[in-house]
Amino acid sequence: MIVSVASGKGGTGKTLISTNLVLIASLLKKVGVTTYLDCDVEEPNGHLFLKPKIDATMHVGVPVPVIDEDLCTHCGLCGDICQYSAIVCVKDTVLTFSALCHACGGCARVCPQQAISEEMRTLGVIEKGWKNNIQFIHGILNIGEAMSPPLIKAVRSSCSGNTLHIVDAPPGTSCPVITAIKGSDFVLLVTEPTPFGLNDLSLALDMVDELGLPHAVLVNRAEAGNDIARKFCRDRGVEIIAEIPDDRRIAEAYSRGEMIVESLPEYKGIFIDLLKKIEERL
Ligand code: SF4
Ligand code: SF4
């Protein structure tokens with residue numbers, strides 16, 4: 001069972017929700033494993049809250065082309081097939097731009113001289129560890145690296161077994177998010193009751209509709225008397241599954257790297273109720 005926590009924009013509280021949700025699930029379960037997958041590989045921060053003990057590290061990379069100039073006849077076929085301008089034949093030389101390469105393998109296939117081989121280009125690492133009965137997995141993209149989907153895919157492929165997996169997705173609605181949430185059994189869209197928040201929620205709803213994924217909305221920093229998120233969701237016909245109040249103590253606990261359900265136990269009930277509602281929908 002895979003539950004993804006996503007949002008149309010950054011800073012809505014995805015990590016706060018996903019880490020507290022996984023902690024509550026592990027506390028309620030008592031036996032078995034709950035898995036937390038931090039797919040926000042450009043800025044993974046779930047470890048700051050769950051504080052797992054890391055016991056395994058793996059490098060993740062993609063194959064990129066290397067040209068054997070002795071074999072190359074400069075026919076230009078490799079550059080013609082590349083959709084990303086990652087390989088270009090200029091007069092009597094072939095230039096490669098590995099940062100642009102999507103590792104499709106097309107250039108090597110069309111080369112009539114077998115002048116193209118492949119070498120691995122490292123994108124980042126996956127770290128795995130444990131916090132009690134929570135299995136912790138996150139990806140860390142190399143600094144300056146633009147190609148995050150292969151690393152996210154590698155983190156997601158760690159989903160296994162009949163356990164609950166909580167995926168902390170990257171923000172936005174582009175390729176990295178789609179890679180992270182694809183195949184989820186349920187998507188929890190976190191938003192805040194502001195015009196910016198709802199604009200990006202609208203894009204996120206279009207995305208999950210397009211992917212055909214079951215979903216509901218969680219309103220974070222909900223304020224008494226501010227109904228814009230409720231009105232928006234009513235108009236879009238989407239369910240608000242939970243609301244977390246705009247409480248300064250939550251922000252303070254979060255900034256200290258504390259789990260809300262531990263520091264402010266009065267909020268435990270909201271997360272237990274949220275988990276129950278999600279399980280009913282799975
Ligand atoms: S397809 Fe092969 S032979 Fe042709 S330019 Fe590219 S590397 Fe050289
Ligand atoms: S592997 Fe694909 S994306 Fe990369 S250079 Fe070759 S054709 Fe372009």
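The following dialogue explains how to read the main features of this predicted model.

User: Which conventions apply to the numbering and to the use of pLDDT?

Analyst: Residues are numbered from 1 along each chain as its sequence is written, while chains are lettered from A and ligands numbered from 1 in the order in which they are written. The model is predicted: local features need pLDDT of at least 70, side-chain atom pairs count only at pLDDT 80 or more, and totals for chains, interfaces and linings use all residues.

User: What does the domain assignment of the chain give?

Analyst: Domain bounds come from an automatic or database domain assignment. Here domain 1 comprises 2-60 + 123-281, and domain 2 comprises 69-114. Their centres, taken over C-alpha atoms, are 40 Å apart. Along the principal axes, the C-alpha atoms of the chain occupy a box of roughly 70 × 45 × 35 Å.

User: How many helices and strands does the chain have, and in what order do the strands of the open sheet stand?

Analyst: Helices (H or I, at least four residues) and strands (E, at least two) are DSSP runs, numbered from the N terminus; two strands pair if DSSP finds at least two bridges between them. The chain contains eleven helices and eleven strands. Nine strands make up an open sheet of mixed pairing, ordered β3-β6-β7-β2-β8-β1-β9-β10-β11. At its edges are β3 (53-67) and β11 (240-245), each pairing on one side only. From one strand to the next, the twist averages 20 degrees.

User: In which sense do β2 and β7 pair, parallel or antiparallel?

Analyst: Strand β2 (residues 34-38) pairs with strand β7 (residues 134-141) in the parallel sense, over five bridges. Leu 37 is placed opposite Ile 137 in β7. By contrast, β4 (residues 87-90) and β5 (residues 93-96) run antiparallel and are joined by four bridges. Val 90 has Thr 93 in β5 as its bridge partner. Two residues lie between the strands of this hairpin, where Lys 91 takes a positive phi near 45 degrees.

User: How is the packing of two helices described, and at what angle do α1 and α11 cross?

Analyst: Two packed helices are described by the angle between their axes and the distance between the axes. Axes are lines fitted to C-alpha atoms, for helices over the stretch in contact, and angles run from 0 to 180 degrees between N-to-C directions. The axes of α1 and α11 (residues 268-281) come within 9 Å and cross at roughly 80 degrees. That makes α1 roughly perpendicular to α11, a term for angles of 65 to 115 degrees (under 35 is roughly parallel, over 145 roughly antiparallel, and the rest oblique). Residues are in contact if their C-beta atoms, placed from the backbone, lie within 7 Å; the contact residues include Leu 21 of α1 and Phe 271 of α11.

User: Which residues of α5 are buried?

Analyst: A residue is buried if 20 or more other C-beta atoms lie within 10 Å of its own, exposed if 12 or fewer, and partly exposed in between, with C-beta atoms placed from the backbone. In α5, six of eight residues are buried: Pro 149, Leu 151, Ile 152, Ala 154, Val 155 and Arg 156. They pack against β2, β3, β6, β7 and α6 (175-181).

User: Which residues have the most contacts inside the largest nonpolar core?

Analyst: A nonpolar core is a set of buried Ala, Val, Leu, Ile, Met, Phe, Trp, Tyr and Cys residues joined through C-beta atoms within 7 Å. The largest has 66 residues, and Leu 21, Val 155, Val 167, Leu 188 and Leu 189 have the most contacts inside it. Helix α1 (residues 14-29) supplies the largest share, seven residues.

Terms used
Two residues are in contact if their C-beta atoms, placed from the backbone, lie within 7 Å.
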